[in-house]
Amino acid sequence: MTASNLPVDPFDLVIFGGTGDLAMRKLLPALLHRFHAGQVPPSSRIIGVAREPLGDEGYRNHLREVLGQHGDSTVLEAFLQQVSYRPLDARKDEGWDEFAALIKQQAGHVRVFYLSTSPQLFVDICTRLGAHALNLGEARVVLEKPIGRDLASARGINDAVGRFFSESQTYRIDHYLGKETVQNLLVLRFGNALFEPLWNSAHIEHVQITVAETVGVGHRAGYYDHAGAMRDMLQNHILQLLCMVAMEPPASLAPDAVRDEKLKVLNALKPIDESNASELTVRGQYRAGVAEGASVPGYPDELGNTRSQTETFVALKAEIGNWRWAGVPFYLRTGKRLPERVSEIAVTFKPVPHSIFASNAGKLLQNRLVLRLQPDEGVKLWLTIKDPGPGGLRLRHVPLDMSFAEEFGVQQPDAYERLLLDVVRGNPTLFMRRDEVEAAWRWADPILEAWDASGEPPRPYFAGSWGPSAAVALIERDGRTWHEDHA
Ligand code: NAP
C-alpha cells in the first residue's frame with residue numbers, strides 16, 4: 001500500500017526566524033520531505049528571513065550542512081533552487097519595501113508567513129506585513145507557541161495579530177495535533193462502532209497523558225525559566241491531547257466543528273485553584289542525577305541560578321465536569337530529565353464486573369488503549385486472552401498492535417509536514433482557535449497563581465527518575481499507578 005499525496009497550489013512560504021533552531025531542525029526538513037514527495041510546486045518559493053546578513057547562497061550553504069542527512073543530494077539541490085533568504089529586522093523598516101516587492105512578484109500564490117521567532121516580535125512583524133498590504137488576499141500567518149504566558153498576555157498577542165490577520169487567516173500551531181497517532185485517535189473513535197459506546201464514565205476508569213523528556217533545558221534555559229513545564233507543555237500540548245480524547249463527536253471534520261467540541265472540553269475542566277491545588281497538583285524541579293547514561297547537573301546549576309522556582313515537572317489530576325466524563329480522572333504529567341522520552345495517552349477501561357476464572361489462572365487486568373505519539377508512533381489495545389497451549393487455563397495480557405503504518409511500509413510524515421501543507425491548503429482543523437488558547441489559559445492561570453501564592457518551591461527530583469515521589473503518591477492515593485510499560 002502506498003500513501004497518496006494531495007496536490008498543492010503554488011505557494012510562497014516565508015519563515016521569519018529562518019536561521020533559528022526550529023526552522024533548521026523541523027520546518028526546512030519538513031519542506032524538503034514534501035518537496036521530495038512532489039508537493040512543493042515548481043514556482044513555489046521558500047524564503048528564510050532573519051537579521052543575519054546572509055545572501056541566498058550563504059543561506060543555501062547553511063542548509064546544505066543542516067539538510068545533508070535528510071535525503072539525496074540531487075533532490076536537495078533541486079529543493080534549494082526554490083529557497084532564498086532576505087535579511088530583515090522585524091523591528092526596523094529598512095529592507096521591507098524590497099521584501100514586499102519580492103513577495104508581490106507572485107500575485108497568485110498563497111502566502112504563508114510562519115512566525116518562528118520569539119512572540120515579542122509577532123506584533124512588529126504583523127504590523128509591517130500589514131503596512132505593506134501583505135496580509136491581504138490569500139495570506140496566512142502561522143504562530144508558534146507560546147501564545148502568551150497567561151490569559152492577559154495571550155489576549156494581547158491575539159488582539160495585536162488580529163488587527164492585521166483575521167481569525168480565518170491565523171494558524172496557531174500545536175505540532176502534537178499533526179501527529180499520525182492523533183489522527184488515528186480520531187479515526188479509532190469515530191470510524192469504528194466499537195469504541196464510542198464505551199467512551200464514557202460508565203466504561204472508562206481513568207485516562208493518563210504523559211509527555212516525558214530525557215533532555216534538560218540545555219541552551220533554552222533562558223526561555224524555559226520564564227515558562228516552566230506548565231506553560232511550555234501542559235497548557236498547550238497536553239490539554240490539546242486531552243481535548244482529542246474527551247471531545248464529543250463533531251458533526252464533521254470541518255475546522256469549526258472540531259474546534260467547537262474541543263472548546264467545550266476546555267470550558268468543562270473543573271477549576272484547580274488555591275483551594276485544591278496542593279491536593280491535585282505536584283510540581284518538581286530536577287537535581288543532578290543520571291540521564292541518558294551520563295551524569296547530568298541539576299536545573300539550578302544548568303541555569304546558573306539556585307533560586308529559580310520554575311518547575312521542570314508537573315503532575316496533576318484533572319476532571320471534566322460533564323455527563324460523559326463525570327468522575328473520570330485525567331492524570332496528566334510532563335517533565336524534563338525523566339528516564340524515557342515518551343509521549344503517550346493511556347485510556348484504562350473499568351475491570352470486568354465479575355471474574356469467572358480460578359484464582360491461580362493469573363491476574364485479570366483491565367483493558368487499556370495506549371496511543372503513543374513518540375518516539376515511535378503507534379496504537380496498542382491491551383486485551384486478556386488465554387495463554388496459548390495445553391495445561392490449565394491461564395490468563396495473559398497481550399497488546400493488539402494497531403499500528404498499520406509500519407506493517408504496510410508507509411512512512412509517517414513528521415507532524416510539521418502535514419501541518420505546513422494544511423496551512424497552504426487553508427485547512428485550520430488541526431490548529432488552535434483563539435478561544436481555545438484563551439480557555440486553556442483561563443484554566444491554567446489559577447493553578448499558576450496558586451503555586452505562586454503557596455510560596456512553596458517545586459519538589460526536587462533526581463534527573464533520571466519519574467519525578468518527585470509526591471507524583472507517585474498523587475495517583476497511588478486513588479489506588480492506581482502511572483502507566484510505565486512503554487514497550
Ligand atoms: P531561535 O533559535 O532563537 O531563533 C530565533 C530566530 O529569530 C533566529 O532566526 C533569529 O535570527 C531570528 N530573529 C531574532 N530577532 C529577530 C529580529 N529582530 N528580526 C528578525 N528575525 C529575528 O528560536 P527557535 O528555537 O527557533 O524558536 C522560534 C519560536 O518557536 C519561538 O517562539 C519558540 O518558543 C518556538 N518553538 C521552538 C521550538 C524549538 O524546538 N526550537 C519548539 C516549539 C516552539 P537573527 O538573530 O539572525 O535575527
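Analyst: We may begin with Glu319 and Lys270, which form a salt bridge whose closest N and O atoms are 3.4 Å apart. A salt bridge is a side-chain nitrogen of Lys or Arg within 4 Å of a carboxyl oxygen of Asp or Glu. Glu319 lies in strand β11 (residues 313–319) and Lys270 in the loop between α9 (255–268) and α10 (277–280), so the pair ties together parts that are 49 residues apart in sequence. Helices (H or I, at least four residues) and strands (E, at least two) are DSSP runs, numbered from the N terminus. The model is predicted, local features need pLDDT of at least 70, side-chain atom pairs count only at pLDDT 80 or more, and totals for chains, interfaces and linings use all residues. Residues are numbered from 1 along each chain as its sequence is written, and side-chain values use heavy atoms, with hydrogens and water left out.

User: Are Glu319 and Lys270 buried, exposed or partly exposed?

Analyst: Buried means under 20% relative accessible area, exposed over 50%, and partly exposed in between (1.4 Å probe, protein chains only). Glu319 is partly exposed at 24% relative accessibility, and Lys270 is partly exposed at 40%.

User: How many salt bridges are there, and what are the accessibilities of Asp12 and Arg45?

Analyst: The count comes to 38 salt bridges. In one of them, the side chains of Asp12 and Arg45 meet at 2.6 Å, N to O. This pair links distant parts of the chain, with Asp12 in strand β1 (residues 11–16) and Arg45 in strand β2 (residues 45–50), 33 residues apart. Asp12 is buried with a relative accessible area of 0%, and Arg45 is buried with 13%. Another salt bridge joins Arg172 and Glu167 at 2.8 Å between the closest N and O atoms; here Arg172 is buried at 2% relative accessibility, whereas Glu167 is partly exposed at 32%.

User: Which residues are linked in a network of salt bridges?

Analyst: The network links Asp256, Arg259, Asp260, Arg433 and Asp435.

User: How should I read the open sheet with parallel pairing, and what is the order of its strands?

Analyst: Two strands pair if DSSP finds at least two bridges between them. The open sheet with parallel pairing has six strands in the order β3-β2-β1-β4-β5-β6. Because β3 (83–87) and β6 (170–172) stand at the edges with a single partner strand each, one side of each is left without a neighbour in the sheet. Within this sheet, β4 (residues 110–115) and β5 (residues 139–143) pair in the parallel sense over five bridges, and the bridge partner of Val112 in β5 is Arg140.

User: What is the order of the open sheet of nine strands?

Analyst: The order is β16-β15-β14-β13-β7-β12-β11-β8-β17, with mixed pairing. Its edge strands, β16 and β17 (459–462), each pair on one side only. Strand β14 (residues 368–374) pairs with β15 in the antiparallel sense over five bridges, and Arg368 has Trp382 in β15 as its bridge partner.

User: How many disulfides does the structure hold?

Analyst: A disulfide is a covalent bond between the sulfur atoms of two cysteines. The criterion is a pair of cysteine sulfur atoms within 2.5 Å, and the structure holds zero disulfides. Among its cysteines, Cys126 is buried with a relative accessible area of 0%, and Cys243 is buried with 0%.
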